[in-house]
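Me: I want to learn how to read salt bridges in a model. Please walk me through some.

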Amino acid sequence: MKRKSITTLIAAVVLIILLAGSTYIVKEGEYKVVLRFGEAMRTVEQPGLKFKLPFIENVSELPKYQMTYESSPTSILTKDQKPIVVDNYTVWRITNASQFLRTVQSVSGGVQRIDEAVYNSVRRKLSEINYENIISEDTGRGNINDEITKDVSDALSRDNYGIEVIDVRIKRTDLPEENKQSVYNRMISDRQSIAARYLSEGDEESKKITSKADRASRELMAQAEADSKKIIAEGEGEAARIYNQAYGKSPQFYSFYRTLQSYVTTLKNEPVIMIPIDSPYAKILMGQK
């Protein structure tokens with residue numbers, strides 16, 4: 001009886017061990033890769049209680065969610081040979097857990113591959129741009145980030161690591177402390193030279209516009225003066241014609257009208273005039289005919 005109890009106990013222990021070795025739990029946000037003698041046999045994504053062969057198969061766990069890797073600050077030379085310190089981060093995730101285990105074996109191994117690809121891409125892209133354009137707000141930094149993201153994603157896809165790179169962003173581009181002041185002074189000098197050139201070009205253009213406007217003004221004034229002389233001449237001719245026409249119709253009225261006009265001119269400033277009693281002025285003033 002005692003021996004039977006021991007046998008039952010041993011069987012129960014063996015059964016528990018077998019059950020413990022043949023089951024595993026898959027949680028949300030993780031992959032479970034079933035390995036047989038170190039080789040990936042299948043990947044399980046759906047959460048729940050799963051089964052495997054005890055002692056023959058074991059399970060490796062990998063994250064299914066997005067991860068963020070921040071690269072260490074790195075020194076890179078720009079197109080104009082200025083050393084800058086670049087700080088960036090990468091958002092990535094595992095898309096093929098079996099392939100990931102076969103190629104990089106662990107998350108740290110995947111991070112190492114990402115770090116190498118990001119460094120190569122950032123160094124290549126920024127070496128094609130001058131420093132002053134990198135720090136400017138109008139360089140389209142978003143375009144640079146997008147290009148680097150695509151470049152890194154293509155490189156990792158080509159090597160088939162089972163990794164998807166979602167985004168690569170440059171957080172900071174700064175000069176080493178020992179280079180900052182000299183570069184800033186050079187940039188200030190360059191900006192002053194550009195400003196002086198713009199001012200010179202603007203002054204020259206202003207002179208051209210002013211000269212052109214003065215010439216146009218003189219031409220307009222000359223044309224207006226010529227037109228006014230022509231109009232005055234035409235008016236005087238028309239007046240003479242009317243005078244002659246009126247004189248021809250009534251010479252006595254015309255003589256009287258012209259005499260009155262001469263009075264207006266002669267007496268305008270109230271002068272003292274001595275005239276003969278028998279002059280035409282005197283006769284008209286005294287009402288004689």
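**Salt bridges across the chain**

Reply: Lys171 and Glu70 form a salt bridge, with their closest N and O atoms 3.1 Å apart. The pair joins distant parts of the chain: Lys171 sits in strand 9 (residues 163-174) and Glu70 in strand 6 (residues 67-70), 101 residues apart. Helices (H or I, at least four residues) and strands (E, at least two) are DSSP runs, numbered from the N terminus. This is a predicted model, where local features need pLDDT of at least 70, side-chain atom pairs count only at pLDDT 80 or more, and totals for chains, interfaces and linings use all residues. Residues are numbered from 1 along each chain as its sequence is written, and side-chain values use heavy atoms, leaving out hydrogens and water.

Me: What is a salt bridge? How many does a search of the whole structure find?

Reply: Side chains of opposite charge can pair when their charged atoms come close. The criterion is a side-chain nitrogen of Lys or Arg within 4 Å of a carboxyl oxygen of Asp or Glu. The whole-structure search finds 11 salt bridges.

Me: Is Lys171 buried, partly exposed or exposed?

Reply: Buried means under 20% relative accessible area, exposed over 50%, partly exposed in between (1.4 Å probe, protein chains only). Lys171 has 41% relative accessibility, so it counts as partly exposed.

Me: Which residue forms a salt bridge with Arg93?

Reply: Glu164 does, with the closest N and O atoms 2.9 Å apart. Arg93 is in strand 8 (residues 83-94) and Glu164 in strand 9, so the pair ties together parts 71 residues apart in sequence. Arg93 is partly exposed at 28%, and Glu164 is partly exposed at 31%.

Me: Which residues are linked in a network of salt bridges?

Reply: Asp146, Asp167 and Arg169 are.
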